[in-house]
Amino acid sequence: MKRRPSPLIRIYGRMIGLYPADVRTASGQDMTDLFEDLLQESQGKNRLERIFFVVQAFADLLSGCWKARRKQSWQGLPTASDSPPFDKIGSHLMLGHDLRFTVRQLRRSPGFALVTILSLAVGIGATSAIFSAINSIVLRPPQGVQDPQRLVSVFTGTPGERLYGLNSLPDFEEFSRIPALQSAAAFTLDLLDLSREGSRKTLLAESVSGSYFQVLGMRPALGRGFLADETKVGDAHRVTLISHSLWVGEFAQDPSVLGRTVLINEQPFVIVGVAAPGFVSRVLSLKADLWVPLGIPGMVSEEVQPKDFSNRRSRQFNVIARLAPEASLEQAQAQLKVMAERLRSTHPAEWQDESGEPLQLTVADTDNGMPPKARKAAAAVLTTLMVPVGLVLLIACSNVANMLLARATRRHREMALRLALGAGRARLVSQLLMESFLLAVAGGSLGIGIAHYASQQLNRLQLYGIPFPVDIALDWRVLAFVLAASLAGGAFFGLIPALRASRPDLVPALKREYSEGSVRLRRFSLRNFLVVVQVAGSFAMLAGSMLFLRSQQAAGQVDMGFDPENIVTARLNLLLDQSERTAEAKLQQLTALRQRLQQRPEIESVSLAGSLPLSLVQRSAEVRAEGFQPDPQESREVGFNVVTPGYFDLMRISIAAGRTLQAGDTLSSTPVALVNRPLANRFWPTENPIGKTLQFGDSRQTLQVVGVVRDHKLRFLNEEQPPHVWIPLAQHPDQPFLMVLARTHGAEGPALALLSQEVEELMGRPPLLAPAPLRDMIDISLLPNRLASSFLGVTGALALFLALVGLHGVVAYTVSLRTREMGIRMAVGAAKSSVIGLVIRQALSLTGVGFLIGAPLAMAFGALASHLLYGISPFDPLTFGAVALALSTAAALASFVPAMRAASVDPVQTLRFE
Amino acid sequence: MKKDELKAVEQLLPLSEVDFLILLVLADGDCHGYGMVKEIRQRTDGKTSLLPGNLYAMLRRLEGQGLIEGLDRQAVPGSGDQRRRYFRVTDRGLKAASAEAIRMKSLVQQAEARRLIGRTAQ
């Protein structure tokens, strides 16, 4: 069977069609073949070289086409045996001539060329970097997957917002058998620790059911996928597939990696295969690095525990399936509907949500590994990112347009002369356009370099030790985007100046009158408009980034209700404990750990907790109270934490009423709980909560409320306090994970090493993930804010730079046109200072108009992002004032140099020239 | 060599470096486009890397000058089902290459006589 050629080869083949028919027949196929051979050869090179090759090859194709067409137009001249070499034919023909002329022109004003190309490169580079992220997540078809358009995802949920919910494993076993699905697999995403040769890395991993790789049609680059007997849920083998990039990065492409043993979450796993290059997770195209079978005993994530495999209510699993050859999505949906009805009748309790609404099954096309909702959300986020960078590009283009306008006006005499000598207007326009396209292409090429660098930086980015989860790459889509952006930019900023410049009033222009007198210094000229656009754009972006910076600052000062300083934490994975010890025995071991740490002089106090406040992982359970009936829409889920008695003292959280947890709260005493004020107010708004009882969790265990905890931040800094429950570890010893918290006497550094060492000594293995200060873990909740402010800060600075270049250019240009006016003013007695004032006022009035447009833009943006802003209004007057002041100062500075030039005009000279 | 044929070949001189290289490569045996690109790259230490548009423009011209001839497409050994068009150097092409080599040799001899060669290499 013949392979379908790659899109690049197809495009190349199509473009051969531009050649004259005889050449096409003679060597069209040969050229495409050669391109394919060279493209294949370039697979072995690095990405930048490959991109370079493709650009070169297409340029070569176009220039060859040009030469061939030109040769044809010269037919009638002697050809065949004595034809002159190609490059000597018709060198005076238009395009080549224009090109050379333009290059000469640009070399004569290198400053102009440099600033223009740099502006464009910055604009195009920033836009392409974000576009390549969009491309990687939303547009690029999955790699290493066969027939991705036949892949679908199945969801269990209720109509509306929660339609695309995850599935339970027992349900999956049943619904995956419908005839419309050829095969199906379940999987979950996890963070796993990979250790080898003393180094540890936390990687994104997928736990997958047996047929996962067959469903996707992934052919491993090396080795094999998982065998059927390796993936029996609950009795799966410790085997793993590693990603191609991990194989390249960590194992130096060593083929003997197969059969080697690595430690994953401290357990030995055998590497059986290397995934196809570019193969990523089916969830949001995240960059997974490890695949392990689902349901290895003792090898489960924080979310998924062994009991979840058989629990129909535990909906934790993604399901991906391949449609049967003849089946359609509609058929699959119809069959799933019947299946859902059957499941609802056989398992009525499990097939409704908390509010009693019946669940249903939905199948959706997952061309790009995302349910429709997630794809929409991802696209929305990325489009939001695209707006600021698009604005930067727009500012860059306006800038270039402005410079070209100024340049065109300066060249009007040359144009007039050429028109008078009989040059066609189309000819002049095409030449001027050639200039802007040349600039655009140069800027675009440099922009690709910038985008490549930026995407490499993004790929290298680590968030708290975890690699950035998206593989951002430049591919032909990005190249096409850059090409389109450059050409559109070229047309945008080149056409109007070109049209204008090619239509001068011949007579005054030839009489040298144009530049001195007859030019109209209109208040609302195109040039001024462009500057206003630039100022408005950079104002909006700077104000946006300031808002985020101020919000970050405000967040640093907020009272969290606890003291996060000088606390170090480490995570214990208790599921790895292979020994069949009782919960009490495990508890004793944990107590021993606590006591040992407590005895160290560096450490003031030690406590254990199920989770940390303001961290990403929070646990919740259904909580019921006697006599309280929630609204049908209201969830019974309440956040909870399992803690040891010293927890509140260690965190410096006081108890508002009742008592704290005590050492006497054990398995043999009454089960107790502490609650916070919002929970008490919800369940018992008018009564004293102390002594009341709660029913906790699926087992509806009765807990007695013994105290009320003072309010403190639990999940987000800007949250309304949600209801929360604290229960003692001694009464709930069976925990999959626990955090050790240690308050130190001094610096946190030595305590981190100590924590690692003590945990390893006593538990027989190091803690899961490296120990870290609590402050760092809390910072994760500020991550979106921080990313937004640095992103807007960078783009805002770029925009400001470009706007200032533009402003300076326009003021300088206007001054040069008004030289005569300045001279006359000074001849009749105007002081230098008043001339300087005049010029700066003009710049400031343009800036002012820019503010009037930019401020509402920034406010609208702030209002949109208000959920990311903490402790600051999106209309913060201080922010807007500061940005306005900074921009005005910058504008005044940018116009100062041309103002000085205007003031140094010699009146005598000017008047004599008259 | 007939006199008028010699004259016709000499009219083509000097050959461009790439033309000369193509004739040299084909003098070693029939070759397809990709083979020529690789061979020329190797012979010039990677300094000359030809791209399809340029290469086939030259091949068409050389063919038009009667220095080489295009053959039918045939399978490339050891590449599965790939079929490529091969080129072969003509007698006239060999003569042109040899005339070019003689021309260059005489130039080199003059340079040697002036002791120019070796000077830059020292």
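A cavity is here a set of grid points where a 1.4 Å probe fits but cannot get out, and its lining residues have an atom within 4 Å of such a point. In the predicted model examined here, the largest cavity is lined by A:Leu404, A:Arg407, A:Ala408, A:Arg411, A:Leu432, A:Glu435, A:Ser436, A:Gly494, A:Pro497 and A:Ala498. The volume of this largest cavity is about 80 Å³, and the structure holds six cavities of 30 Å³ or more. Three helices of chain A, namely α10 (372–410), α12 (425–460) and α13 (476–501), each contribute at least two residues to the lining of the largest cavity. By residue class, that lining comprises five nonpolar, two polar and three charged residues.

The interface between the two chains was examined next. The size of an interface is often expressed as the accessible area lost when the parts come together. Between chain B and chain A, the buried area amounts to about 2000 Å², with carbon and sulfur atoms giving 55% of it. In terms of residues, 24 of chain B are in contact with 24 of chain A. Polar contacts across the interface of chain B and chain A involve 11 residue pairs in which both members have pLDDT 80 or more. On the side of chain B that touches chain A, helices α3 (33–43) and α4 (52–64) and strand β3 (83–89) of chain B each supply at least two residues. The largest share of that side, nine residues, is provided by α4(B). The side of chain B that touches chain A is made up of nine nonpolar, six polar and nine charged residues.

Side chains of opposite charge can pair when their charged atoms come close. Over all chains, the count of salt bridges comes to 26, and six salt bridges are counted between chain B and chain A. One salt bridge joins B:Arg85 to A:Asp30, with 2.7 Å between the closest N and O atoms. Another salt bridge is formed by the side chains of A:Asp33 and B:Arg73, with an N to O distance of 2.7 Å. This pair crosses between chains: A:Asp33 belongs to helix α2 (residues 21–42) of chain A, whereas B:Arg73 belongs to strand β2 (residues 68–75) of chain B.

Two features of the backbone were also noted, one in each chain. In chain B, the peptide bond leading from B:Leu13 to B:Pro14 is cis, with omega near -10°. B:Pro14 is located in the loop that lies between α1 (3–11) and α2 (17–27) of chain B. In chain A, A:Ala252 shows a positive phi of about 50°, although this residue is not a glycine. A:Ala252 is likewise located in a loop, here between α8 (244–251) and β6 (261–264) of chain A.

Technical notes. Residues are numbered from 1 along each chain as its sequence is written. Chains are lettered from A and ligands numbered from 1 in the order in which they are written. This is a predicted model: local features need pLDDT of at least 70, side-chain atom pairs count only at pLDDT 80 or more; totals for chains, interfaces and linings use all residues. Side-chain values use heavy atoms; hydrogens and water are left out. On a 1 Å grid over the protein atoms alone, a cavity is a set of points where a 1.4 Å probe fits but cannot get out, and a pocket is an open set with protein on both sides within 12 Å along at least five of seven lines; lining residues have an atom within 4 Å of a point. Grid points are joined across faces, edges and corners, and a volume is the space filled by probe spheres set on the points. Helices (H or I, at least four residues) and strands (E, at least two) are DSSP runs, numbered from the N terminus. Ala, Val, Leu, Ile, Met, Phe, Trp, Tyr, Cys and Pro count as nonpolar, Asp, Glu, Lys and Arg as charged, and the others, Gly among them, as polar. Contact means heavy atoms within 4.5 Å. Buried area is the accessible area (1.4 Å probe) that two parts lose on being put together, summed over both. A salt bridge is a side-chain nitrogen of Lys or Arg within 4 Å of a carboxyl oxygen of Asp or Glu. A polar contact is a pair of N or O atoms within 3.5 Å; within protein, one must be able to donate a hydrogen and the other to accept it, and residues adjacent in sequence count only if both atoms are side-chain atoms.
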